[in-house]
Amino acid sequence: VLSGFTFFTATMFAGAGVGASFDFTSVIIIAVIGFALLGAYAVAIGIISQKTVLTSVMLARYSFGDQGSKIADFILGATQLGWYAWGTAIIAKTLVAMTPLSDAWLYPLMVVFGFAFMVSAYVGYKGLNILSKVAVPLMFIFLIVTLFASFGEAGNQGGIFAIVPKDPNMSMQVAITMAFGTFASGATQVSNFTRFAKSPRDVVIAVAVAFLIVNALMFVTGAVGGVVYGKADVVDVMVIQGFTTLALAMLILNIWTTQDNTIYNFAVSGCNFFRTENRKMVTLVSASVAIVAALMAADEFLFGYLILLGTFIPPVGGVLLADFVARKGEYAPVASAKNPVLNYAGIIAYVAGSAVAYNVGFIPPIVGIAVAFVVYVVLYKVLNK
């Protein structure tokens, strides 16, 4: 399920953007650093959820307060809604570009796919699981096929390491932030899935494969496609390579396995925000809102969006991690927990982490997590005294 989540076209777009600014050796370094940090962060969140059997937004009731948790709901939910709108717009635009369909089909396709992709999420975790078991092995094969073909084409140009970057204007810190930002929101909400894990070991293995290996592979594949063919999307690259049928299958599976996880995450946040257990209704309404955003061209703001995600979402995770450490992993049952309406330690720590991350040049996601963590631990001790 997690690998289906991280097989995402946006990661390749980010990789292509980085590939245009750095040589291939630097791309590998950026991918290793960015996704190792992301993986470590996701593992920490995942182990907490496995031990507590709580989602991130439920954990936020303790660290942000009963009503303060709605801040986390809004931040995490809005990003997932943005991603769903992005994926819905991208698949419609790509299909129109790849087939004889006219532009008149663009908006109808967004509506059709916007509702189609939410079906497995509407069913629930079992629906996500069934789809991922079929789609993930196929996507992995597609990715390896196109990656080897790309390296073969690079060999005709003197080798992938010999190709000079076309637009070397991006800093290393921004590139790492983009790598981290592609799944900063997903990593913070990995608890929605890892709460079902049987042991911390299962969490470590699943997260390492999905958030380190799959994410890095997608990022590097995008970078190679961007460098060799001047294309950001693996689907465009596969068409150039002559794999049109595979490209269509890859497109649909790639977007679908992420879209259903994304809208499932939003539904979890939405249920906590509105204090309702009607997850299916929240799923349906949120998909409708995301479709409207797709129709309004939400996909045109990807790179700036990634940098913002990498800056303002990780401090939420920093607060959740700090709360777990401060409480020594001891949480009262949600139904009987006497959480304050607002936990000022969590709110202040989040604001501090976000403010510092936004204003420093050194890898904002890590700075945001660290600052939020330290501030929360200090305030927790002071306020509890």
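Q: Which residues line the largest cavity of this predicted model?
A: Phe-5, Phe-8, Gln-80, Trp-83, Thr-182, Phe-183, Ser-185, Gly-186, Thr-258 and Thr-262 line it. In this predicted model, α5 (69-98), α10 (184-188) and α14 (244-274) each supply at least two residues of that lining.

Q: What makes the space inside this lining a cavity?
A: Let's start with the idea behind the search: rolling a probe the size of a water molecule over the atoms shows where empty space is left. A space counts as a cavity because a 1.4 Å probe fits there but cannot get out. The structure holds 1 cavity of 30 Å³ or more, and the volume of the largest cavity is about 50 Å³.

Q: How many residues of each class are in the lining of the largest cavity?
A: The lining has 4 nonpolar, 6 polar and no charged residues. Gly-186 belongs to this lining, and Gly counts as polar.

Q: Why is Ser-286 called buried?
A: Ser-286 has a relative accessible area of 2%, and buried means under 20%, so Ser-286 is buried. This residue lies in helix α15 (residues 279-295).

Q: What does the side chain of Ser-286 reach at 2.9 Å?
A: The side chain of Ser-286 reaches the backbone oxygen of Thr-283.

Q: How do you know what span is expected for helix α12?
A: Helix α12 (residues 200-229) has 30 residues, and at 1.5 Å a residue the expected span is 44 Å. From first C-alpha to last, α12 reaches 41 Å, which is close to that value. A kink of about 30 degrees in α12 is centred on Ala-208. Just after α12, Gly-230 takes a positive phi of about 75 degrees.

Terms used:
Residues are numbered from 1 along each chain as its sequence is written. This is a predicted model: local features need pLDDT of at least 70, side-chain atom pairs count only at pLDDT 80 or more; totals for chains, interfaces and linings use all residues. Side-chain values use heavy atoms; hydrogens and water are left out. On a 1 Å grid over the protein atoms alone, a cavity is a set of points where a 1.4 Å probe fits but cannot get out, and a pocket is an open set with protein on both sides within 12 Å along at least five of seven lines; lining residues have an atom within 4 Å of a point. Grid points are joined across faces, edges and corners, and a volume is the space filled by probe spheres set on the points. Helices (H or I, at least four residues) and strands (E, at least two) are DSSP runs, numbered from the N terminus. The expected span of a helix is 1.5 Å times one less than its number of residues. The bend at a residue is the angle between axes fitted to the seven residues ending there and the seven starting there. Buried means under 20% relative accessible area, exposed over 50%, partly exposed in between (1.4 Å probe, protein chains only). A polar contact is a pair of N or O atoms within 3.5 Å; within protein, one must be able to donate a hydrogen and the other to accept it, and residues adjacent in sequence count only if both atoms are side-chain atoms.
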